[in-house]
Amino acid sequence: METVKVIISNDQKAVKIPTGIRLLIRRCCHAVLELEGFEGSAEVSVRFVDNEQIKELNRQYRNIDRETDVLSFPLGENGEYDINHDTGAKILGDIVISVPKAFGQSKMYNHTLQREIGFLTVHSMLHLLGYDHEKGGLEEVHMREKEETILTQVGLKRDNSYYMGDE
């Protein structure tokens with residue numbers, strides 16, 4: 001891998017983006033590509049939105065009329081990507097994160113917003129590279145293992161905080 005350009009935009013005002021999140025997102029994107037042995041330069045876009053915005057995107061592109069935490073819009077298929085003719089970088093696609101949803105999930109799972117946004121970034125990067133957990137089975141297990149490996153590498157190791165108590 002040569003270089004990774006991560007373009008980050010914040011189109012929501014519901015949750016203040018903590019210091020260091022942009023650097024964390026860049027580290028997560030880089031770690032995914034490194035683990036995958038990605039060749040050449042890459043470009044990815046990450047956009048922060050609110051729940052209404054992600055609900056509209058989910059309805060428009062997936063025909064699902066509800067908010068979600070993250071959406072991935074891959075611009076490649078089977079290892080073939082559009083090329084940024086100015087830089088020669090492969091354009092992997094777009095990641096859209098609902099920051100309010102991520103904030104709520106961080107509270108629900110009793111971990112930091114950084115851990116949640118890191119997870120959503122890694123998860124989406126794997127989708128941009130062609131991984132799919134929706135069918136379940138071995139592919140889902142493989143994707144989850146990669147997510148945890150990468151999160152551990154960037155210092156966001158999972159702890160036992162997924163226990164939800166006596167609900």
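These legends accompany an overview and several close-up views of a predicted model.

**Figure 1. Overall fold of the predicted protein, with five helices and six strands.**
Along the sequence, the elements run β-α-β-α-β-β-β-β-α-α-α. The C-alpha atoms fill a box of roughly 50 × 35 × 30 Å along the principal axes. Buried residues account for 44% of the 167 residues. Take the contacts between residues at least 6 apart in sequence: 68% of them join residues at least 24 apart.

**Figure 2. Surface and charge of the protein.**
The accessible surface comes to about 9400 Å². Carbon and sulfur atoms contribute 47% of that surface. The protein carries 20 positive and 28 negative side chains. The centres of these two sets lie 5 Å apart.

**Figure 3. The aromatic pair of Tyr61 and Phe73.**
The whole structure holds two aromatic pairs, and this view shows the pair formed by Tyr61 and Phe73. The ring centres of Tyr61 and Phe73 are 5.1 Å apart. Their planes meet at 70°, so the pair is edge-to-face. Tyr61 belongs to helix 2, residues 51–62. Phe73 belongs to strand 3, residues 70–74. The pair therefore ties together parts that are twelve residues apart in sequence. Tyr61 counts as exposed because its relative accessibility is 52%, and the cut-off for exposed is over 50%.

**Figure 4. Asn63 in the loop between helix 2 and strand 3.**
Most residues other than glycine have a negative phi. Asn63 is not a glycine, yet its phi is positive, at about 55°. Asn63 is exposed, with a relative accessible area of 72%.

**Figure 5. Asp69, a buried residue in the loop between helix 2 and strand 3.**
Asp69 has 17% relative accessibility, so the residue counts as buried. The cut-off for buried is under 20%. Leaving out residues up to four places away in sequence, Asp69 touches Ile54, Val96, Ile97, Ser98, Lys101, Gln105 and Leu120. One of these contacts is with Lys101. Asp69 and Lys101 are 32 residues apart in sequence. In space, their C-alpha atoms are 5.4 Å apart.

**Figure 6. Asn110 in the loop between helix 3 and helix 4.**
Helix 3 spans 99–108 and helix 4 spans 113–128. Asn110 has a positive phi of about 60° and is not a glycine. Its relative accessible area is 60%, so Asn110 is exposed.

**Figure 7. Lys146, a buried lysine in helix 5.**
Helix 5 covers residues 137–153. Lys146 has 15% relative accessibility and therefore counts as buried. Its contacts, not counting residues up to four places away in sequence, are with Leu35, Glu36, Leu126 and Tyr131.

Terms used
Residues are numbered from 1 along each chain as its sequence is written. This is a predicted model: local features need pLDDT of at least 70, side-chain atom pairs count only at pLDDT 80 or more; totals for chains, interfaces and linings use all residues. Side-chain values use heavy atoms; hydrogens and water are left out. Helices (H or I, at least four residues) and strands (E, at least two) are DSSP runs, numbered from the N terminus. Buried means under 20% relative accessible area, exposed over 50%, partly exposed in between (1.4 Å probe, protein chains only). Contact means heavy atoms within 4.5 Å. Accessible areas come from the Shrake-Rupley method with a 1.4 Å probe; for residues, only the protein chains shown count as cover. Lys and Arg count as positive and Asp and Glu as negative; His and the chain ends are not counted. The place of a charge is taken as NZ of Lys, CZ of Arg, CG of Asp or CD of Glu. Rings of Phe, Tyr and Trp (its six-membered ring) pair if their centres lie within 6.5 Å; planes under 30 degrees apart count as stacked, over 60 as edge-to-face and the rest as tilted.
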